[in-house]
Structure formats: C-alpha cells, structure tokens
Amino acid sequence: MPGMAVKDPDAIPDKWGKRPSDRTLGELLRGGVIILDKPSGPTSHQASAWVRDALGMEKAGHGGTLDPYVSGVLPITLGKAVRLTDVVLSSDKEYVCLMRLHADRPEARVREVLSRFVGKIYQLPPVRSAVKRQLRIRTIHELEVLQVSGRDVLFRIWCDAGTYVRTLCVDAGDMLGCGASMTELRRTRSGKMTEDRAHTLQEIRDAYVFWQQYGHGEYLREMIIPMEALVEPLPKVVVKATAVDAVCHGASLSVKGVHMLDEGIRKNALVAMMTARGELIALGRMAMSTDKVMAADSGVAVETKRVLMDPGHYPRMWRYSTDLDDLKGEPEFVFRSRLRCFYISSD
C-alpha cells in the first residue's frame, strides 16, 4: 500500500475474511452508514430515528448534529457502526451559507472582511448550544465568496468540526459595522461524506421496500457505505491474519503482529487496526511511534480501545493464560489483555 511502512514483508496474505465491498446487504445493515440529505425542519435526532424505523433497525445514530433549520449531509450510522459516531463528529465540515447584511456595504469591503476569517479564529458558542460556553479556537481552511447580491452574501466555507457558522456571520457583521445574520445553511460535506452521495428519507424508504417486497436490494445496497469509510481520516495499522482474532478478544497488538502501518504515526495517536483485506478490526492508541515500531523486535505497538469485529470472523490462532511464565519459551509472541496473556500461533 502506498505511504505505508512494511514491518513484515513475509506476512502471509489473508485467506480469511471478506472485503467490505463483498459484504451482503444484511452485513452492511449491521455495520454501515447512509448519508441522509436532511431536510430543513426536523432535528438530527428525529431524522436518524426516521431512517432507523424506515430500515427496521434497532440501532442508528447520527454523526454531526445539524440545527433543525439546517439541511444537507447527515451521516446515519447503522448497527455496530454507531460506535464510530464520535469519529464522524471530529471530521472537518464544508457548508454553503447565505448571510444577510443589515445595511448596504460595498462588495469589495464584504469580500475583504470575510477573507480575514481564513485561518485560526476564536469563537464563543451561541447561548442556545449543546456545549459549554467558553472561548474556543477553530480553523477556517477556506472561505470562498460565491455571490454578493445587494445585502445577500452567498459563501462556501471549509472548517473544523465544531465551528459555528451562525456565529461567524454575526462576527462578520460586527466587523462590517452593520450587523449580519445567517438566513440559510446547507452542509455539503462531512469528512469524506459528500452531498453527491446523499439520499432523501423517501428514497431510503422506497429502496428498503423494494428489497423487502420484490427482492431487489441493489438500490439499497448502493446507498449503504461500509463502516470502514468512517475511519478513513485515521492513520491505519494493518494486522497480521494470525493476530486478528486475539485483537477481537480485546488483546493489545504486539509489534510482531504488525504487517504494515502508515508512516509518521505518533505515540498516543488514535489509529484504525485493519486486516489486509481492508476490514476494520478495532480502534486503538499507539503505544509507540511508527519509527519505534519499525525498529522494535518486541513490545506492545497498539493498545486496543474499541473492538468492532466479532470474534470468530478470523480463525483462533492463540491460547491464553493468566501466568506469563506459562508462555515462556513459546516460539512466537504474546499479547496482553487485562490479566490474560495471549500466545499467537505461527501456523
């Protein structure tokens, strides 16, 4: 894989598992994500509940709360993918906003003032917000003025998660000396989730009924993205096939269980542990940097924090003991999980 450091070039390619693109529709529903084109009006919680009911699911969540009167991209996590919702919440966002000035100002002046917001800015969340009101720093990566028509200003903004576009409009109005307010807002991207892949609630419901009543699941299948898409922003560690099931049981990943990993990962970074087939096994924290993993012959490389893959998906190639001395002399390596020590077979 490009951009990855290979720890063990002789690792046996996985002959087990399944590529995310080869999963059945049922498997995708048990761990996938649908990009909802949320309409203006309902809350994000209401919208995710409608999708859950439309698909007959027991569990669904949403990534990145949109205010009731904001429309656009709202990732809906299904099944065990709900446990990855916080990863979506931390992803960068992109919006198209319509701002209205409270008095006339020259277009050149409006463009000049808005350009000042690119970079790091300070924001105080609105009084009616779900977070504590304290000054926060957010980064505006891009702010492009698309059109100025009288007092109406249409612009596109690419920003950090947690940026309040409504507050930005108020601050811009203060700088212009005339006041301003946000009149419309649409989210066009959340992380890697873009509006060109978004679907309305009616489209999702129709696709589900078409599958249930007529046996044609291809339309619904096109809508559901494997949960691995949610961890695309995270650095990756590819785990050897012989170590996958131990990680599924909560074991931390030994250096000797690493097949390859992204270059430049720092210690304590949150990473996604993957199989060679691209399946998500678990999330973990790096116990050492990429350089240290490449140089080390033993030790814990990644501390497992959240397991997503079910045990038994890969064959069990380990045994465990509560006594580390019991495993001394074994030809392979040891994982540790709480009081258990895992011996990984080399077969």
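Start with the lining of the second largest pocket: its residues divide into five nonpolar, two polar and nine charged. Here Ala, Val, Leu, Ile, Met, Phe, Trp, Tyr, Cys and Pro count as nonpolar, Asp, Glu, Lys and Arg as charged, and the others, Gly among them, as polar. This is a predicted model, so local features need pLDDT of at least 70 and side-chain atom pairs count only at pLDDT 80 or more, while totals for chains, interfaces and linings use all residues. Residues are numbered from 1 along each chain as its sequence is written, and side-chain values use heavy atoms, with hydrogens and water left out.

Now select R23, E27, K80, D310 and H313. Of the 16 lining residues, these lie nearest the centre of the pocket. A pocket is an open set of points on a 1 Å grid over the protein atoms alone, where a 1.4 Å probe fits, with protein on both sides within 12 Å along at least five of seven lines; lining residues have an atom within 4 Å of a point. The volume of this pocket is about 390 Å³, counted as the space filled by probe spheres set on the points, which are joined across faces, edges and corners.

Next, select E228, in the loop between β11 (224–226) and β12 (236–239). Strands (E, at least two residues) and helices (H or I, at least four) are DSSP runs, numbered from the N terminus. Is E228 buried or exposed? With 9% relative accessibility, E228 counts as buried; buried means under 20% relative accessible area, exposed over 50% and partly exposed in between (1.4 Å probe, protein chains only). Show its neighbours too: E228 touches R23 and M274, among others, where contact means heavy atoms within 4.5 Å. The E228 side chain also reaches the backbone nitrogen of L280 at 2.8 Å.

Finally, go to the aromatic rings. The whole structure holds three aromatic pairs. Rings of Phe, Tyr and Trp (its six-membered ring) pair if their centres lie within 6.5 Å; planes under 30 degrees apart count as stacked, over 60 as edge-to-face and the rest as tilted.

- Select Y208 and W211, which both lie in helix α6 (residues 201–214), three residues apart. Y208 is buried at 15%, while W211 is partly exposed at 23%.
- Then pick F210 and Y214, a tilted pair, 5.4 Å centre to centre with 50 degrees between the planes. F210 is partly exposed at 30%, and Y214 is exposed at 54%.

Note on methods: Polar contact = N/O pair within 3.5 Å; in protein donor to acceptor, adjacent residues only side chain to side chain. Lists of a residue's contacts leave out its neighbours within four places in sequence.
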